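Here is a short briefing to read alongside the model. Have a look at the structure first, then follow the points below.

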2 protein chains.
Amino acid sequence: MNKIRIGIVGYGNLGQSVELGIRQNEDMELVGVFTRRDPSTIKTVTKGVNVFTMDEAKQMTDQIDVMVLCGGSMSDMPVQGPEFAGLFNTVDGYDTHAKIPEYFAVMNKNALEAKKVCIIASGWDPGMFSINRLYAEAILPEGNTYTFWGKGISQGHSDAIRRVKGVKDAKQYTIPKESAIEAVRRGEMPELTTREKHGRECFVVVEEGADKAQIEHEIKTMPNYFADYDTEVHFITEEELEKNHHGLPHGGLVIRHGRTGLNEEHNHVIEYRLDLDSNPNFTANVLVAFVRAAYRLNQEGVSGAKTVIDIAPAYLSSKSAEELRKSLI
Amino acid sequence: MNKIRIGIVGYGNLGQSVELGIRQNEDMELVGVFTRRDPSTIKTVTKGVNVFTMDEAKQMTDQIDVMVLCGGSMSDMPVQGPEFAGLFNTVDGYDTHAKIPEYFAVMNKNALEAKKVCIIASGWDPGMFSINRLYAEAILPEGNTYTFWGKGISQGHSDAIRRVKGVKDAKQYTIPKESAIEAVRRGEMPELTTREKHGRECFVVVEEGADKAQIEHEIKTMPNYFADYDTEVHFITEEELEKNHHGLPHGGLVIRHGRTGLNEEHNHVIEYRLDLDSNPNFTANVLVAFVRAAYRLNQEGVSGAKTVIDIAPAYLSSKSAEELRKSLI
């Protein structure tokens, strides 16, 4: 069997997680990591991984079947995505929800020209949560869908706290409100405010002599990030932060309540829930599953940009159609 | 807009539920119900529905886009499925898991010859649970998947109790064991026996003078159905059965625990849960969503038998690809 030959573009948390995810799939192999840094400075998580400069990629189109784009959505991917879409099949986790149509358009154009398949906005939200929102809405047309995130670390909110004067380090947990989830499950179809859906819990290490009351006030009143939420602030030591808050757990749920029956007398709840020890590891594993889909679709002659909802689930499995019908359906 | 024109084959609980499900979708219309009974004896749930004999169907291939097959999997569908696959696009909820490969083969042959699309084994298990087993396994290759059913009425088990001498009527609930679900969530990857996964609760109405102790013994020791389970038997009156156990609730969950990380140190749980007031209503709504997929695929020139995992999620939605990328991804 020919293994699917994979390249990783960008080598932060996500890129490192893709390296590990590929090892869980016998039909895949990692050709190398592509970085903007000096390759000689990169120490890969597992041994024997080749590290290349970004520029070397374009000479390697015959050695790599699918590139997994692991840069940031804000500034890396809008540049890297279209470049790589013109050379390789790609999979990415582009997650700026509002700009997905725009990103899709340019990826689609370049992928069509290059006769490649580019799967965008994969991961879990966007990604698996999108898939579940779609299925639930299609099955229960009369109903409401709710997405809750957490309990988990929000990198963006942790960064925002770190920018407050006097803060040395911080971690922020987004926490879904059980009362809201229960109201949805009970079929109340609640209209939930931002505050009613999620709470925010902050663990903050301050610099010596910093004004804690002032820092707490600045965090809790920060527009967009915290002002609209019930926010708890805990001041802890650097050691406590390192010991108890070093991971990147996350998760959440998509829940839809809908009604059926002659008089809409029957209530139904569809719930998809993730509970993840490592957000980057799980996101990477979703990308890696979609690598298989990108590869196979392209082998079948398909090209263009796709999102996760455009791909039949069977393309993600390493098992044959016959095996799946026999053992999994 | 041309509506998708739908026929219902077989008019029991499921067929009646499909009739209601179609009303929730503006892009669909019900052309009629096809029955083996005398059409004049059928009273449809909603007004103005045409009722035809099975034989009339073959003259109506230009009036119906998709037939929803609502007969039983045991004896109706193995005959009706292949017949209708040669004439119409079809969707069915064939649920004899062990015979799906065989049923697929004959449906595929006839559908290919007739240039139609036939989606088989839709519903929730097989169906949405199959889809979720596949996604979860593909994302977390190192892990275990568990399927739990209930709390809900099992028709087969209720029927089995009714066959016991002295029993007038009965309803049986399948109940998943919370202790087992919790063990899976905790990442213990338990090997669960039949008894550890589900319990069975029976509500039984007996004939006058019947030997309750003997009936309870016969139920609890019945091979295949009850002997391998913790079974509770409650004797109640006919009025209580009618009042408290007249519905057909069901549900269940697919849950996968998997590990990632350099040393598999990170635990992840993916959970898909259904809580349904009406098993036939929900099953019907899944079939109806796949009607849209069958219709569209056939419009694109696709033919042959498909299962739910062969169909990209977007085909189930009434929204355009652009709208989905903008609002749902």
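In this predicted model, helix 1 of chain A and helix 10 of chain A cross in a right-handed sense. The two helices, residues 13-22 and residues 279-299 of chain A, pack with their axes 8 Å apart and at an angle of about 60°. Helix 1 of chain A is therefore oblique to helix 10 of chain A, since an angle counts as roughly perpendicular from 65 to 115 degrees and as roughly parallel under 35.

**The helix contact**
- Helix 1 of chain A contributes A:Asn13, A:Leu14, A:Ser17, A:Val18, A:Gly21 and A:Ile22 to the contact.
- From helix 10 of chain A come A:Pro280, A:Asn281, A:Thr283, A:Ala284, A:Asn285, A:Leu287 and A:Val288.
- Sorted by class, the contact of helix 1 of chain A with helix 10 of chain A holds seven nonpolar and six polar residues, with no charged ones.

**The annotated domain**
- The unreviewed UniProt entry lists residues 123-278 of chain A as "domain: Meso-diaminopimelate D-dehydrogenase C-terminal".
- In the model, residues 123-278 of chain A are 31% helix and 36% strand.
- The end C-alpha atoms of that span lie 13 Å apart.

**The whole chain**
- Chain A has eleven helices and 14 strands in its secondary structure.
- The C-alpha trace of chain A spans about 65 × 60 × 35 Å along its principal axes.
- Chain A has a radius of gyration of 22 Å, which agrees with the value near 20 Å that a compact globule would have with 329 residues.

Terms used. Residues numbered from 1 in each chain as written. Chains lettered and ligands numbered in written order. Predicted model: local features only at pLDDT ≥ 70, side-chain atom pairs only at ≥ 80, totals over all residues. Heavy atoms only, no water. UniProt positions renumbered as here; feature names shortened; annotations may be inferred. Helix = DSSP H or I, 4+ residues; strand = E, 2+ residues; numbered from the N terminus. Axes fitted to C-alpha atoms, helices over the stretch in contact; angles between N-to-C directions. Parallel < 35°, antiparallel > 145°, perpendicular 65-115°, else oblique. Left-handed = near helix turned anticlockwise from the far one by under 90°. Contact = heavy atoms within 4.5 Å. Nonpolar A, V, L, I, M, F, W, Y, C, P; charged D, E, K, R; others polar. Rg over C-alpha atoms; globule rule 2.2 N^0.38 Å.
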